[in-house]
Amino acid sequence: MSLLLNSSFTGASSACLLHRKTSRHRGRSHVHGVTCRQGGNDDRSNAARQQRSPLLLDRRDMLLGGLGGLYGVTAGPKVLAAPIMPPDLSKCHDAKAPALHDHCCPPYDPSETISEYGFPATPLRVRRPAHLVKDDQEYLDKYKEAVRRMKNLPEDHPWNYYQQANIHCQYCNDAYYQQNTDDVPVQVHFSWIFLPWHRYYLHFYERILGKLIDDDTFTIPFWNWDTKEGMTFPAIFQDASSPLYDSKRDQRHVKDGAILDLKYAYTDNPASDSEIIRENLCFIQKTFKYSLSLAELFMGDPVRAGEKEIQEANGQLEVIHNAAHMWVGEPDGYKEDMGDFSTAARDSVFYCHHSNVDRMWDIYRNLRGNQVEFEDKDWLDSTFLFHDENEQLVKIGDCLNPTKLRYTFEQVPLPWLGKINCQKTAETKSKATTELSLTRVGEFGTTPQALDASNPLRVIVARPKKNRKKKEKQEKVEVIQIKDIKVTTNETARFDVYVAVPYGDLAGPDYGEFVGSFVRLAHGKKGSDGTQEQGAKKKGKLKLGITALLEDIDAEDADKLVVTLVLRTGSVTVGGVSIKLLQTDTPAVI
Ligand code: C2O
């Protein structure tokens, strides 16, 4: 069933007014006074209540009940404020990305000064789905002309197409260290700054394109891969004579209507197109549903200035987004352009893809009554540098509401928000129980284990508490936590996580329900001798909400769960699997 949303529901909103002022204080930009109208009586929440979406049933109760906990983020005790700050631009080092065959540092102009960004005062600009603009010749001509001009700018111009693309490499392939450190890179992936940084990145790219064709209303399109009609590679990027074209793509995927597989890991899914579409919609639904009550599950874990030894944890939206990178990039070599962070933004479809990622964040926010995802100052005060549309170096930390940047998204149906059959059918379940191959699975223990593609890791994990009451579920979300995940950074890695109820201490042959995935895109560096470096082994962590899943599979009374990790690509070692109860930031239990 597809569900058309009320026009006041999606898109940027003014329901939440962010009263934010910036002031200069010891050379830093500080943001204070974030206030947000209570969600219970705004139009958007009313619209949400009317949706009858399975995602929102309990949230409806919560809103009607007017629980005071909507903004009840409990932050742990913190000693020093440590938002991520912009790096010293004079100190770009050779971020020698192997796929680039070169480094990606920009030309540096010491005479440039940093100023605050003057937010645009344009009419609200509407980003449209890429598959729907393909017949709008006037728009396409403008878009192509803008990109053509960007490509024709002098090579060292900050607006030059390849300079713009290099920005992505700089903030991913360790071109800059954080202020006051000489070994902690500024990294804009794998954490809670992933979404805000990319929002700004796209915003400036879009504004510069508009400026180049002198059109203040210009917007980039979004790759509407969360709907059946948008799940193929957008045709507007396929014309080989267009500036939007990029030859470094997996030709099998970008041609002739192949369906994007959001679980892609360099092996084509043998399922039928309609099955892949259903799986994609389910993956998106689960991503929202399982993470709705705790923003870090969707957006990623905190990262604070100077932190070195943290276990990076990206949110499930970033996980989903990675699949499109892998699916579009070349299947071999360095997976250029989209499949490697250092080259990804050389493909125009990058911005179109990220426009949808940004839209997903906007929808997530709307579904949660427009509350600020993290009230932590270290998130709110994170500050980045970009060349804006006036060719100034700017410093900003304020992008929580797209309306402030004067853009929004065209309203389109959200089929994944409706009722789709994403659970295993009763038939499959009973079949699994009658099969003989029950196996004994142990606990994880304390020794790190390497995942093996031909032999999934299955462990039995005790739950902290069973048969939790509704109120307990509103206060705490049950989360599978996989820690000490080690991957090689120059290789893309992915594993999928499934959950099943054991039969006594035995696991059935069926892995159970898909919960979510871990994905790290390759972001290796070239060694000083020009050969590819082994790639530092960085540790990561994966957190997946399962409160709603356990309700869906009727497993609330299980003492233990069988967790299965299926390696899909790369080499991965994990250090532990546990189930925890984490404080929610909204009482929504969906
Ligand atoms: Cu910066 Cu799609 O990644």
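**Before starting.** I am looking at a predicted model, where local features need pLDDT of at least 70, side-chain atom pairs count only at pLDDT 80 or more, and totals for chains, interfaces and linings use all residues. Residues are numbered from 1 along each chain as its sequence is written, and side-chain values use heavy atoms, with hydrogens and water left out.

**The sheet.** I looked up the strand order and found an open sheet of 4 strands, E12-E18-E14-E16, with antiparallel pairing. Strands (E, at least two residues) and helices (H or I, at least four) are DSSP runs numbered from the N terminus, and two strands pair if DSSP finds at least two bridges between them. E12 (457-462) and E16 (513-520) are the edge strands; each has a single partner, so one side of each lacks a neighbour in the sheet.

**One pair up close.** I followed E12 to E18 (residues 560-569) and found 6 bridges joining them. Val461 sits opposite Leu561 in E18.

**Helices on the sheet.** I saw that H9 (residues 316-328) lies across E14, E16 and E18, at about 65° to E16. Contact means heavy atoms within 4.5 Å; axes are lines fitted to C-alpha atoms, for helices over the stretch in contact, and angles run from 0 to 180 degrees between N-to-C directions.

**Two helices together.** I checked H9 against H10 (residues 349-367): their axes come within 11 Å and cross at roughly 160°. They are therefore roughly antiparallel (angles over 145 degrees count as such). Among the residues that meet are His321 in H9 and Trp361 in H10.

Notes. Angles under 35 degrees count as roughly parallel, over 145 as roughly antiparallel, 65 to 115 as roughly perpendicular and the rest as oblique.
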